[in-house]
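Have the structure open and follow along.

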Amino acid sequence: MRYIVFLIKTHFLHEFRSKKIIFLSIFSALYLFLTYKLGYQIENFSSQYNGKELLGLDVNFIGLIYFGGIYFTSFFLCTLSSVSSLKEDLENKMSSQFLLLPYPRWHYLLGKFLGTWFLTLIFFALFFILGAVFSLFPTISVTTLLLLFFNSVLIFPPVILACFLLSSYMPSLWSLILYFFIRLTGLAIAGSVEYSTYISTPFSYKKIVFLFFPPDFALFSNSPFMKNINEFIEKNRPESIPSISNLSVNIHLALLSVLLFAVLCLLFQRRSFGR
Amino acid sequence: MSSPIVVQHVSKSFGKFVVLQDVSLSLERPSLVALLGPNGAGKTTLFQILMGLIPSFEGEAFLHGVNIKNPHARKKVSFLSDSFNFYPFYTVSQIYNFYAHIKSPPEYSVTQKKQQQEELWEAFGLGGLDSKQFKFLSKGQRERLGMACCFCGETSLVLLDEPFTGLDPLGVKDLRNYLLSFNQKGGTVFLNSHILAEIEKFCDTAFFLKDGQIVQRIEKIGEAFESPLEQTYSSLFSRN
């Protein structure tokens, strides 16, 4: 346990010294300020002109803009941090140093993964809470906000693991470019083909792309498989638990994370750190 | 008590290049053992196989009776490669404490850990470096810290790859003395080095590795001084 905690702490200390987190924090703070000011202007305009909308925007739209912004900033932090985290350790032989200790190799990978995930979560949570404090989500309930947050954070693990996989076999910059290329291809395919047709395809390149590089969760909601899971959950859900519309997507993402972690562990287990 | 190291028919090749060929050796009791051979003989590869850094090889190997495929085989074992590396922002005491915590059994008290740290600090001349960050340490200081991390906790077998590189004459002397005292307490040291004169001073057994094979084993080096290592080394590995 101490070993994994040490790896998480090390990742934090290392990242806090990097320029990317400083740059992204300044960017997010500036973004928060600008969306807050825009929201203030819209409200002011609306109260002055009896509910008339400024440029056709209402206050709810501000929440959406802000959430999208911090989600993608966190996403960038996640990918940038993931492609360098394991790669740097492999290059400066810190991986070998840790693998000498009497723990299985997957403990090391788990420590690196949790370090990257927790860092992204803290960044995302911080700006998410700041958005709530600055009333950028005025009409959304606390439960919905929490569900929105929970749905978003589960996107990051497959991203981290896919970046780990790519970066451990190629330079960081190339793995970043390749990751975004495949991800965008995945999104384009998901947008252009009927998902039900896709899911019934027994084996194809598209399927592999989809499996390893998840598109954003909204695209998954249309699959019959997800609909079935959703219906099952809805039927068996106790009344005390609120409806979770994207739970099926979360299950998919969790399964995908487990699968990617297993693949990564398998490859790492066979990897030679000798020469 | 199980043998510190048992290697049975280990072979390893990288592509077409055969590095180790049916290597077998065993150390039955705690001892100070040297692995000698020219560059490219396969010494480091053998150490890396023993420490689990190279997972695919032919044959079997055991550390303290546990197959090296099991991570627990490394529980009381340390390895120091030719250069000790760590994250640059950690201080000397933070790095040591990390290793000490992992390698010490749960029953070790804080006082015991502190006492051991003081012993190692004294042995490797690390006094006054506690709060110095790793990035500011010289090569020699890094090596000394690596040594201290190697011997902390309940380590009973240490594999050292070229341990004298980067150490000043006093550092070499400190290391030699510490290895002798470690052996007296029941520890085993398995090292490789090209400094034969130094090995003659304290090692009791030597294995000669040539073209990936163990070609000779010399016992009681110190006592059988009429056949110095240099002479054996020259006769085995002469380029003429």
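## The sheet in chain B and its helices

Start with helix α4 of chain B, residues 139–151: the helix lies across β6 and β7 of chain B and runs at about 165° to β6(B). Keep in mind that this is a predicted model. Helix α1 of chain B, residues 43–50, lies across β3 (32–36), β6, β7, β8 and β9 of chain B, and its angle to β7(B) is about 145°.

Now for the strands themselves. Chain B has an open sheet of six strands, and reading across you get β6-β7-β8-β3-β9-β10, with mixed pairing. At the edges sit β6 (77–80) and β10 of chain B, each of which pairs on one side only. Going from one strand to the next, the twist averages 15°.

| Strand pair (chain B) | Residues | Sense | Bridges |
|---|---|---|---|
| β7 and β8 | 157–161 and 188–192 | parallel | five |
| β9 and β10 | 205–210 and 213–219 | antiparallel | six |

If you want to find these pairs on screen, pick a bridge from each. Asp161(B) has Asn192(B) in β8(B) as its bridge partner. For the antiparallel pair of β9 and β10 in chain B, look for Thr205(B), which stands opposite Glu219(B) in β10(B).

How many residues lie between the strands in the hairpin of β9(B) and β10(B)? There are two, and Asp211(B) in this hairpin takes a positive phi near 50°.

One last tip for looking along any of these strands: in a regular strand, side chains alternate between the two faces of the sheet.

Methods. Residues are numbered from 1 along each chain as its sequence is written. Chains are lettered from A and ligands numbered from 1 in the order in which they are written. This is a predicted model: local features need pLDDT of at least 70, side-chain atom pairs count only at pLDDT 80 or more; totals for chains, interfaces and linings use all residues. Two strands pair if DSSP finds at least two bridges between them. Helices (H or I, at least four residues) and strands (E, at least two) are DSSP runs, numbered from the N terminus. Axes are lines fitted to C-alpha atoms, for helices over the stretch in contact, and angles run from 0 to 180 degrees between N-to-C directions. Two residues are in contact if their C-beta atoms, placed from the backbone, lie within 7 Å.
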